[in-house]
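Me: Hi! I'd like to go through the charged pairs in this one with you. Can you take a look?

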Amino acid sequence: HQHHTKSKQTVAMNEAVLSLCCSLGVLLVVSLGYSCIKPNGGQCIKIHLVYFASAICLVAFLPTNIAKYVFTELTVSLVGAMYPVYRATRAVCTPDDDDDKEWLQYWMLGGVLFMITTWVDDVIKQNSVDTIWLGSLLFIFYWLYFPLTCGALVVYEKVTAPYLGPKLKPLQRQMNNFIIYLQQMLSNAFHLYLVWIIFMFLPAGLKRIVAIAIGTVYPTICSITAVATEEIEDDTYWLTYWSVYGCLFLIMDVSEDFLGRIPGFYTLIIFTTIYLMLPMFRGADKIFRKVLVPLAGLHELLVLRDAITIKKQMLKDLDPERAAVVQKSIAKFFDGSTSDSDPSALKEELMQGWGKIKLPKIKLPFGKAEDGSSDEPNEKTNLV
């Protein structure tokens, strides 16, 4: 009996190792394909047809003994969340603004797919059907950012920009007002305790749906409206959120089989999501800078991006002449090889130009005119 048990454990261990190797192999192919193939904007319909025809054939006709190791939840998580988290993190850190919009377009649809998986996984019970679903989901995720299809860009240009963007802007304003009202209501301890009690009595599956809905519905709407604008700041904000939330989703997906039945697990997920999402906390930006960026080895790129952002903001807010002076002072400060980098000396140099600045004349309501006469009211003032 002990020999039989050890044999089962050995087989299970071998299958787990084989499944892990297959998942990592798929991830390697995906990363090489994205890095080596030049994007074409997804304009060729034939490429889309060939891609989906190949995907259908692989999902439908790949032998079950192979498919069960390739089409797994781990593979889908690596291709649909882990690799996009890395690329989104890199996009936020790089000075280029176009890749921010590119990966924000991916996460808009990725959030919708995360919502779909919350109830499909509960409905599907058979292993064969589950393998087909995971295989289909894998190819859909990769279709969104595969350089020859650029599915996220195609969906944005054909659906999001012309139809969803204009209609979702009023909805976003309404949701912003609702969130402000909700913050004020939950600041009351009794209301917060009442909501928590109601949530605790929900089934585990419904708790999972609520947790993921909070993390995806509102951010998806905000991401759609952000991409539709020319400003890059809102794109960066929500791409930063999706990068961190993708990690949180992976942690929840992996650990909920062991911790999901513990009271407070999904409550912790919800509060963490709110901390990441709301601008009043800016939790996503803090975790992004202190955790994700160091892990990805992108700290220097992020410093360069911050410097470029500061320069753009300086040129936007200051007069061109003053902006040139400030830029010169900053350059001297960072040049540590000279004595000009002394902050006190730079401050004096910067303040010397203030005397040359002509401030606008402000006319007081009861001041003196240029001829010396006073504008103060007197007894002869006519009141109309």
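Me: Let's start with R305: buried or exposed?

Reply: R305 is buried, with a relative accessible area of 8%. Buried here means under 20% relative accessible area, exposed means over 50%, and partly exposed is in between (1.4 Å probe, protein chains only). One thing to keep in mind is that this is a predicted model, where local features need pLDDT of at least 70, side-chain atom pairs count only at pLDDT 80 or more, and totals for chains, interfaces and linings use all residues. Residues are numbered from 1 along each chain as its sequence is written, and side-chain values use heavy atoms, with hydrogens and water left out.

Me: Good to know. Which side chain does R305 meet in a salt bridge?

Reply: That would be D100, at 2.7 Å from N to O. A salt bridge is a side-chain nitrogen of Lys or Arg within 4 Å of a carboxyl oxygen of Asp or Glu. The pair links distant parts of the chain, 205 residues apart: D100 is in helix α5 (residues 98-123) and R305 in helix α13 (residues 299-317). Helices are DSSP runs (H or I, at least four residues), numbered from the N terminus.

Me: And D100, buried or exposed?

Reply: D100 counts as buried, at 0% relative accessibility.

Me: How many salt bridges does the structure hold?

Reply: Six. Another one of them joins E256 and R208, also listed at 2.7 Å, N to O. E256 lies in helix α10 (residues 233-259) and R208 in helix α9 (residues 204-227), so this pair ties together parts that are 48 residues apart in sequence. E256 is buried at 12% relative accessibility, and R208 is buried too, at 7%.

Me: What about D285, which residue is its partner?

Reply: D285 pairs with R289, and their closest N and O atoms are 3.3 Å apart. Both sit in helix α12 (residues 283-296), and because they are four residues apart, about one helical turn separates them. D285 is partly exposed at 23% relative accessible area, and R289 is partly exposed at 33%.

Me: Which residues are joined into a network by shared partners?

Reply: R208, D253 and E256, through salt bridges that share partners.

Me: Switching topic: which residues make the nonpolar surface patch?

Reply: L20, L24 and L74 make a patch of about 240 Å². Patches are made of residues with over 30% relative accessible area and no salt bridge, with like charges joined within 9 Å and nonpolar side chains (Val, Leu, Ile, Met, Phe, Trp, Tyr) within 5 Å. The areas come from the Shrake-Rupley method with a 1.4 Å probe, and for residues only the protein chains shown count as cover.

Me: Where does L24 lie?

Reply: In helix α1 (residues 2-36). L24 is partly exposed, with a relative accessible area of 44%.

How values were computed:
Helix = DSSP H or I, 4+ residues; strand = E, 2+ residues; numbered from the N terminus.
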